[in-house]
Amino acid sequence: MDNLLCELLPSDHYTHSEKFIANHLWYHYSIVSPCSKLPCQNNGTCVPLYRTNSYKCRCAKAYTGSHCEKVDNDCSCSSGPEGKQRCKIEYLMVFPEPRSTENYAMKNPAIASDLSQLSLCFFIKLVQDQGDQIFFSYATKQQDNDVIIEIYPTQTDFYVGNELFRFTSTNLYDDTWQHLCLTWANTQGVTKLYKDGQFTGQETNLATKNYALKAGGSLVLGQEQDSVGGGFDRNQTLHGRLASVNMWDKVLSESDIAAQYTNCSVPHGSVINWSAFKNLTHGSVTVEEP
């Protein structure tokens with residue numbers, strides 16, 4: 001019997017297939033791919049995730065959704081009877097693949113005065129992915145987890161002073177634009193979450209009662225800081241788009257938050273102003289203007 005030569009390939013029909021070279025002397029075999037049923041619509045590209053026997057769709061321009069089944073109206077909100085309208089934004093910030101600790105935006109120092117309450121509002125569009133993604137990290141010399149927003153497929157975690165508030169009812173991994181607001185006050189240690197202008201729930205952590213966020217820390221978008229301005233973990237890197245990230249030193253009313261979504265516009269914050277981040281990006285993070 002003749003000797004056989006076997007070569008293990010780093011690609012298949014759905015992953016880097018452009019690297020295949022036709023050769024009549026070889027036979028090609030592969031396991032069944034999660035993409036074999038062609039689940040992605042509108043010329044979307046299916047990316048197999050073999051470890052979980054699942055897939056994600058990389059959509060063509062102008063389409064979005066888990067299967068590229070929706071028309072992408074870019075950063076847009078529902079406007080009641082008026083339907084859809086384009087958001088009033090200065091620019092978008094894009095955090096691309098592949099995930100990298102080089103990709104982030106940083107402002108240091110970021111907060112001028114100690115905070116006993118806050119409101120943080122923004123638009124976000126997350127690419128379907130596995131694991132957690134860090135959107136917002138504020139670190140000081142006293143506490144590297146002073147404020148963190150960590151997003152999982154089935155929950156959103158909000159940390160204040162390294163104390164956890166967990167919201168399990170909000171899934172942001174749907175590849176569409178979402179408007180989010182988080183509020184916190186140290187009088188009762190209560191945090192509230194609003195999604196697309198609507199109150200979705202509140203959590204209480206008495207350990208944050210009478211706590212104050214310290215001024216002079218470093219704010220990073222897209223990474224978690226395990227030390228001030230560094231200590232990043234590639235597996236927690238943001239993969240998606242951001243717009244209009246603003247913070248105030250007060251708890252906004254429900255009507256103010258609802259108006260942001262209705263008007264498709266987040267006003268400039270008194271503590272964090274989105275316009276300040278435009279020239280503070282690093283790595284492969286890009287800025288897109290409307």
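This is a predicted model: local features need pLDDT of at least 70, side-chain atom pairs count only at pLDDT 80 or more; totals for chains, interfaces and linings use all residues.
In this account, a residue is called buried when its relative accessible area is under 20%, exposed when that area is over 50%, and partly exposed in between.

Two cysteine sulfur atoms within 2.5 Å of each other are taken as a disulfide. By this rule the structure holds four disulfides. When the bonded cysteines of the protein chain are numbered in sequence order, they pair as 1-3, 2-4, 5-6, 7-8.

Cys35 belongs to the segment before strand S1 (45-49), whereas Cys46 sits in strand S1 itself, so the pair ties together parts that are 11 residues apart in sequence. Cys35 has a relative accessibility of 0% and so counts as buried. Cys46 is likewise buried, because its relative accessible area is 9%.

The next link joins Cys59 to Cys68, with a distance of 2.2 Å from S to S. The angle about the S-S bond is -95 degrees, and the link of Cys59 and Cys68 is left-handed. The two ends of this disulfide can be considered in turn. Cys68 has a relative accessible area of 0%, so this residue is buried. Cys59, with a relative accessible area of 22%, is partly exposed; the limit for a buried residue is under 20%.

Attention may now turn to Cys121 and Cys181, which form a disulfide with their sulfur atoms 2.1 Å apart. Here the torsion about the S-S bond is about 120 degrees, so the disulfide of Cys121 and Cys181 is right-handed. Cys121 lies in strand S9 (residues 117-126) and Cys181 in strand S14 (residues 178-185); the pair therefore ties together parts that are 60 residues apart in sequence. Cys121 counts as buried because its relative accessibility is 0%. Cys181 is also buried, with a relative accessible area of 0%.

Conventions
Residues are numbered from 1 along each chain as its sequence is written. Side-chain values use heavy atoms; hydrogens and water are left out. Helices (H or I, at least four residues) and strands (E, at least two) are DSSP runs, numbered from the N terminus. Buried means under 20% relative accessible area, exposed over 50%, partly exposed in between (1.4 Å probe, protein chains only).
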